[in-house]
Amino acid sequence: MSTLQHPATGGTGATAPATVTEATTTQRDPRFRASRASRPTSARRLRNAEGGRKQKRSGLLTAVMVVFVVYSFAPLFYLLVNSTKTQASLLSTFGLWFGGKFNLWQNIIDTLTYNDGIFVQWLGNTLLYVVVGAGGATMLATIAGYGMAKFQFPGRRAVFAVVLGAIAVPGTALAVPTFLLFSQFGLTNTPWAIILPSLISPFGMYLVWTYAVDAIPAELLEAARMDGAGEFRIFFTIALRLLAPGVVTVLLFAVVATWNNYFLPLIMLSDPKWYPLTVGLNQWNAQATGSGAQPIYNLVVTGSLLTIIPIVVAFLFLQRFWQSGLAAGSVKA
């Protein structure tokens with residue numbers, strides 16, 4: 001069988017190029033494939049170079065991170081250790097290590113049953129304020145942020161300036177004016193005195209606003225409108241699903257802020273039955289002072305440990321949404 005051949009070069013002594021049959025035979029040769037596979041590609045060479053590159057390390061930054069880790073976990077370790085102690089051993093042993101009788105389970109029982117189970121009632125109040133207050137704040141911030149991001153209307157710049165100004169004002173500065181306003185309407189010493197101020201979250205609205213700009217394509221909304229979908233249906237069936245990471249981020253911030261809220265309930269509530277956990281535990285701690293002092297430091301420490309457990313659990317379950325919510329929108333596809 002004849003083969004196609006290329007003209008040979010003349011006068012230079014170079015050999016003629018291989019024929020098509022020879023080239024095909026060479027490529028089919030196992031030794032040729034093995035030698036070609038053994039040669040690293042450019043991507044492989046790049047990976048090898050990166051793997052062989054020495055990583056930079058900084059002793060100063062490592063020391064700073066160690067200090068931050070110790071500073072963050074020392075209070076949690078203190079609560080865990082001292083929740084296992086009795087009242088006497090709590091005051092007589094080293095605070096950052098175990099000592100005396102292991103009394104954790106009895107401390108938990110005493111905390112839940114002390115003063116007719118007032119701690120359980122405070123826990124229920126805190127859950128009420130978080131579910132209604134933080135949940136409502138998240139929903140309102142989501143609706144408002146979505147509207148600011150996807151709709152054009154007169155005064156939009158003014159609203160933007162007001163939102164930024166509201167973020168800059170600390171909540172403690174508004175506590176006293178809020179108390180005076182609520183006292184005129186007779187809402188002090190009621191759950192509404194805690195729930196209504198918690199419904200406003202300018203920071204949450206701003207987060208949803210900036211997230212919705214890139215998370216929801218305008219073409220998708222236009223296609224839904226052309227199909228006859230109304231604005232409410234578009235929001236609840238399309239936009240809300242795309243905003244899920246941002247909504248969870250706002251929800252986490254709102255839950256933590258409401259759960260740890262102390263100053264507003266302190267000035268709004270005078271009846272212990274409406275106290276949240278923060279104010280209630282501080283009242284237990286205040287029992288150690290005065291003429292008829294009745295210190296219950298072991299119950300205060302145990303109650304503080306029980307108080308942080310729901311927040312830690314919620315953060316561990318929702319942190320993946322929180323991380324993606326903070327990163328989303330930073331790079332536009």
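Here are some friendly questions and answers about this predicted model.

Reader: Before we start, which pLDDT limits apply to this model?

Author: Glad you asked: residues are numbered from 1 along each chain as its sequence is written, and side-chain values use heavy atoms, with hydrogens and water left out. The model is predicted, totals for chains, interfaces and linings use all residues, local features need pLDDT of at least 70, and side-chain atom pairs count only at pLDDT 80 or more.

Reader: How many helices and strands does the protein chain have?

Author: Helices (H or I, at least four residues) and strands (E, at least two) are DSSP runs, numbered from the N terminus. On that basis, the protein chain has 0 strands and 16 helices.

Reader: What percentage of the residues in the protein chain is buried?

Author: Buried means under 20% relative accessible area, exposed over 50%, and partly exposed in between, with a 1.4 Å probe and protein chains only. Of the 333 residues in the protein chain, the buried share is 28%.

Reader: Among contacts between residues at least 6 apart in sequence, what percentage joins residues at least 24 apart?

Author: Contact here means heavy atoms within 4.5 Å. For the protein chain, the share asked for is 66%.

Reader: What is the volume of the largest pocket, and which residues are closest to its centre?

Author: On a 1 Å grid over the protein atoms alone, a pocket is an open set of points with protein on both sides within 12 Å along at least five of seven lines, while a cavity is a set where a 1.4 Å probe fits but cannot get out; lining residues have an atom within 4 Å of a point. Grid points are joined across faces, edges and corners, and a volume is the space filled by probe spheres set on the points. The largest pocket holds about 850 Å³. It is lined by 27 residues, and the closest to its centre are Gly 171, Pro 197, Ile 200, Ser 201 and Pro 202.

Reader: Which helices each supply at least two residues of that pocket's lining, and how many charged residues does the lining have?

Author: The helices are H7 (156–168), H8 (171–184), H9 (192–198), H10 (202–215), H13 (244–259) and H14 (263–268). For the classes, Ala, Val, Leu, Ile, Met, Phe, Trp, Tyr, Cys and Pro count as nonpolar, Asp, Glu, Lys and Arg as charged, and the others, Gly among them, as polar. The lining of the largest pocket has 19 nonpolar residues, 8 polar ones and, as for charged residues, none.

Reader: Which residues line the largest cavity?

Author: A search of the whole structure finds 1 cavity of 30 Å³ or more, and the largest cavity has a volume of about 30 Å³. By class, its lining has 4 nonpolar, 3 polar and no charged residues. The lining residues are Thr 126, Tyr 129, Ile 194, Thr 258, Asn 261, Pro 265 and Pro 276.

Reader: Why are H6 and H15 described as roughly antiparallel?

Author: Axes are lines fitted to C-alpha atoms, for helices over the stretch in contact, and angles run from 0 to 180 degrees between N-to-C directions. Angles under 35 degrees count as roughly parallel, over 145 as roughly antiparallel, 65 to 115 as roughly perpendicular and the rest as oblique. The axes of H6 (residues 104–150) and H15 (residues 277–286) come within 8 Å and cross at roughly 155°. That angle makes the two helices roughly antiparallel.

Reader: And how are H6 and H12 oriented to each other?

Author: The axes of H6 and H12 (residues 231–242) are 12 Å apart, at an angle of about 95°. Thr 142, Ile 143 and Tyr 146 of H6 meet Ile 234, Phe 235, Ala 239 and Leu 240 of H12. The two helices are therefore roughly perpendicular.

Reader: Is Thr 142 buried or exposed?

Author: Thr 142 sits in helix H6. Leaving aside neighbours within four places in sequence, Thr 142 is in contact with Val 208, Phe 235, Leu 240, Leu 243 and Val 247. With 1% relative accessibility, Thr 142 counts as buried.

Reader: What is the phi of Asp 116?

Author: Asp 116 is in helix H6 and counts as exposed at 79% relative accessibility. Asn 115, also placed in helix H6, has a positive phi of about 55° although it is not a glycine. For Asp 116, a residue other than glycine, phi is positive too, near 60°.

Reader: How far apart in space are Ile 308 and Leu 76?

Author: Ile 308 lies in helix H16 (residues 297–327) and is in contact with Leu 76 and Leu 79, leaving aside neighbours within four places in sequence. Ile 308 and Leu 76 are 232 residues apart in sequence, and their C-alpha to C-alpha distance is 9.1 Å.
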